[in-house]
Amino acid sequence: MPQLDLAFFAPQIFWLIVVFAALYIFMARSAAPKIADVLKKRQDTIADDLAEAEALQRKAEEARLAYEKSQADARSNAAAVVLNKRDELKTAAEEEYQKLSEQLAAKADEAQKRIDDAKDKALNEVRDVATEVCSEIVSKVSGLKLDVKDVAKVVDAKTSNAIKGEG
């Protein structure tokens, strides 16, 4: 094998050094700068992406804070609206209750007046009937003809005593 022959070692080492140097120079001047540029661009892109992500994160945090603030404001506004509406409805209900109470009181007073009028009318009719009956009883029993006015006075006195509880 010629590779292992000592006579061929020196030229092989020479060509090894020449090829290695040529490849090294080629790599150092051409491929390495391109790789370094790609790595630099990649590093810059990553750094830009991180900076943009941080900026977006700050914006997102600001948006979240603004959202929470608007949500809290909306809750407090809604609570105030509910309280105001409840107070309005309560006031309206109280006014309606007052009107209804007044109407019912007026109707109750009117009904009481009608009852009192009917009671007075019934008592007057009872007195008239009692006066007639007493007058007829006295005339049938004793045969006397009494004046209706005198009988009415006696019946009125007795009925007023009965009504008052004097018996």
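Biologist: How far apart are the mean positions of the positive and negative charges of the protein?
Modeller: The model is predicted. The protein carries 26 positive and 30 negative charges. Their mean positions lie apart by 1 Å.

Biologist: How many salt bridges does the protein have?
Modeller: A pair counts when a Lys or Arg side-chain nitrogen is within 4 Å of an Asp or Glu carboxyl oxygen. Under that rule, the number of salt bridges is 6.

Biologist: Which residue forms a salt bridge with Asp 44?
Modeller: The closest N and O atoms of the pair are 3.4 Å apart. Both residues sit in helix H1, with a spacing of 4 residues, about one turn of the helix. Asp 44 is partly exposed, because its relative accessibility is 34%. The partner is Lys 40.

Biologist: Is Lys 40 buried or exposed?
Modeller: The cut-off for exposed is over 50% relative accessible area. Lys 40 has 52%, so it counts as exposed.

Biologist: What is the N to O distance in the salt bridge of Asp 73 and Lys 69?
Modeller: Helix H1 holds both residues, 4 residues apart, about one turn of the helix. Asp 73 is partly exposed at 34% relative accessibility. Lys 69 is exposed at 54%. Their side chains meet at 3.2 Å.

Biologist: How many residues apart are Glu 88 and Lys 85 in helix H1?
Modeller: These two form a salt bridge, with the closest N and O atoms 3.6 Å apart. Glu 88 is partly exposed at 48% relative accessible area. Lys 85 is partly exposed too, at 46%. Along helix H1 the spacing is about one turn, or 3 residues.

Biologist: Which residues are linked with Arg 64 in a network of salt bridges?
Modeller: Arg 64 belongs to a salt-bridge network.

Biologist: What is the radius of gyration of the protein?
Modeller: The secondary structure comes to 2 helices and 0 strands. The C-alpha atoms fill a box of roughly 190 × 35 × 20 Å along the principal axes. A compact globule of 167 residues would come near 15 Å. The protein has 61 Å.

Biologist: What percentage of the residues in the protein is buried?
Modeller: Buried means under 20% relative accessible area. The accessible surface of the protein comes to about 14700 Å². Of the 167 residues, the buried share is 3%.

Notes. Residues numbered from 1 in each chain as written. Predicted model: local features only at pLDDT ≥ 70, side-chain atom pairs only at ≥ 80, totals over all residues. Heavy atoms only, no water. Rg over C-alpha atoms; globule rule 2.2 N^0.38 Å. Buried < 20%, exposed > 50% of the residue type's maximum accessible area, 1.4 Å probe, protein only. Areas by Shrake-Rupley, 256 points an atom, 1.4 Å probe, with all protein chains shown as cover. Lys, Arg positive; Asp, Glu negative; His and termini not counted. Charge placed at Lys NZ, Arg CZ, Asp CG, Glu CD.
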